[in-house]
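Have the structure open as you read.

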Amino acid sequence: MPKTARTRDLTQGPIGRTLFVFALPIMGGNVLQSLNGSVNAIWVGRFLGEEALTATANANNIMFFLIGAVFGVGMAATILVGQAMGAKDTAQAKRVIGTSATFFFCVSLVIAFAGMPLSRHILVWMSTPAESLALAEAYLRIIFMAVPFLYMFAFLSAILRGAGDTRTPFVFLMLAVVLDIVLNPLLIFGIGPLPEMGIAGSATSTLVANLVSLSAMLLWLRHRRHPLWISRHENSVYKPDIAILRALVVKGVPMGLQMIVISLAMIMMISMVNAYGVDYASAYGAALQLWTYIQMPAMAIGAACSSMAAQNVGAARWDRVDATARTGTIFNFLMTGALIAPVILFDHTTLSLFLPDGSAALEHGRHLNHIAVWSFLFFGVSFVISGVVRATGAVIPPLVMLGIAMWGIRIPFASLLQPALGVDAIWWSFPVSALCSMLMSMAYYRWGNWRKAKMLEPDPDKVAVPSEVPAHVSAPVADQGPRS
């Protein structure tokens, strides 16, 4: 008999150790994803040229936007599952998963079929350099085809994290990355019986790797009888539950808008950079590859804090929610700072991985990196605090603060100061806006009313809140029963 998979109870145990151990697979997954993107960029940049690297940088910004468009719904589902698991309500968790899976699948198909014919128009709107446009279009059309697999893989990983399982997503992400790295040169250069696809081969390897890994993860979850696996006789949960769907949309859309705000700002930034030519655009693309590594501690600890906070909100353990925020902030500041120093010291070597020897873009990359990389010290703190706050259902204030930081500070700073500072105005806009975002997040955590928010309103006919529960404590997620 196959061994039954287990979830992790994040409402027990020491905060620091539990958070760190839970975050390790997430961080490992971030390393794998960054390594995957970097290896692909090396193949494209060094062997297909700067125009091809610029093409992938522009197309990957669109891919980030596409993932961000449904990021909020995935986060809402993760938080709802985490709260349900914290309240020991597995049936409610499965209802959330069923409704969310139906939503993700339908939306991913719409985006894939709509995006392929619009690829060139989107890239032209982004002011993609003319010499890179055809390459970027060939790459982006295949990325749109891969969207359903990217979405469903990301959705399953987020759900499992909400249930306290970070190991399973890591294992199958490793499979996807290994396949992508192996297939990339084979499909780019047409090695063996495979066709020579050029830059389209890089995108095709991403599609195939995610399809295979997603299928393998589904088969594994079924074989191991995961507690959240929806069996055949439970298929009714895939019928959308109106209350859950409303919570996913009402709470998820603001969280998704945060990612869209970031991705649109990044598209605006790369459009500004594109105006300075291929040398600056490729330098920025190479720097972005390094920044993915700088972000890894913030992304991993922040995601772990969000899952841990969600379970403790469901269990009404507010002491552990506050301790999670404090511990996560300290971890992020120390770990992010520890990565910035070597990246600055060895930036010539690392940037050379993505740019040809003697390229003018190399010095541009070193210069911008020295200015902008410090922003991630502040980004990490904001990411943790926002993740903890969102775990209660307070989703609008983080969106407003992010909008101010991106569109009220970063974009105006980069745009309006270019006459005085030139391209340096773009680079300086990163640390200035990140610092402001951190200060706003810390102020809201200290004085805001986020503890009173709720993800899903309980059904008064099926759950009663004990009178002794303080007003700021959210009741556990209600078991709303099966829908007819």
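Arg317 counts as partly exposed, at 28% relative accessibility. (Buried means under 20% relative accessible area, exposed over 50%, and partly exposed in between, with a 1.4 Å probe and protein chains only.) Keep in mind that this is a predicted model, where local features need pLDDT of at least 70, side-chain atom pairs count only at pLDDT 80 or more, and totals for chains, interfaces and linings use all residues. Residues are numbered from 1 along each chain as its sequence is written, and side-chain values use heavy atoms, with hydrogens and water left out.

How many salt bridges are there? The count comes to 5, taking a salt bridge as a side-chain nitrogen of Lys or Arg within 4 Å of a carboxyl oxygen of Asp or Glu. Among them are these:

| Pair | N to O distance |
|---|---|
| Asp319 and Arg317 | 3.2 Å |
| Asp322 and Arg451 | 2.8 Å |
| Arg366 and Glu363 | 3.6 Å |

Now for the pair of Asp322 and Arg451, joined by a salt bridge. Asp322 sits in helix α10 (residues 318-345) and Arg451 in the segment after α16 (424-447), so this contact ties together parts that are 129 residues apart in sequence. (Helices are DSSP runs of H or I, at least four residues, numbered from the N terminus.) Asp322 is buried at 19%, while Arg451 is partly exposed at 22%.

Arg366 and Glu363 share helix α12 (residues 360-372), 3 residues apart, so about one helical turn separates them. Arg366 is partly exposed at 27%, and Glu363 is partly exposed at 44%.

Notes:
Helices (H or I, at least four residues) and strands (E, at least two) are DSSP runs, numbered from the N terminus.
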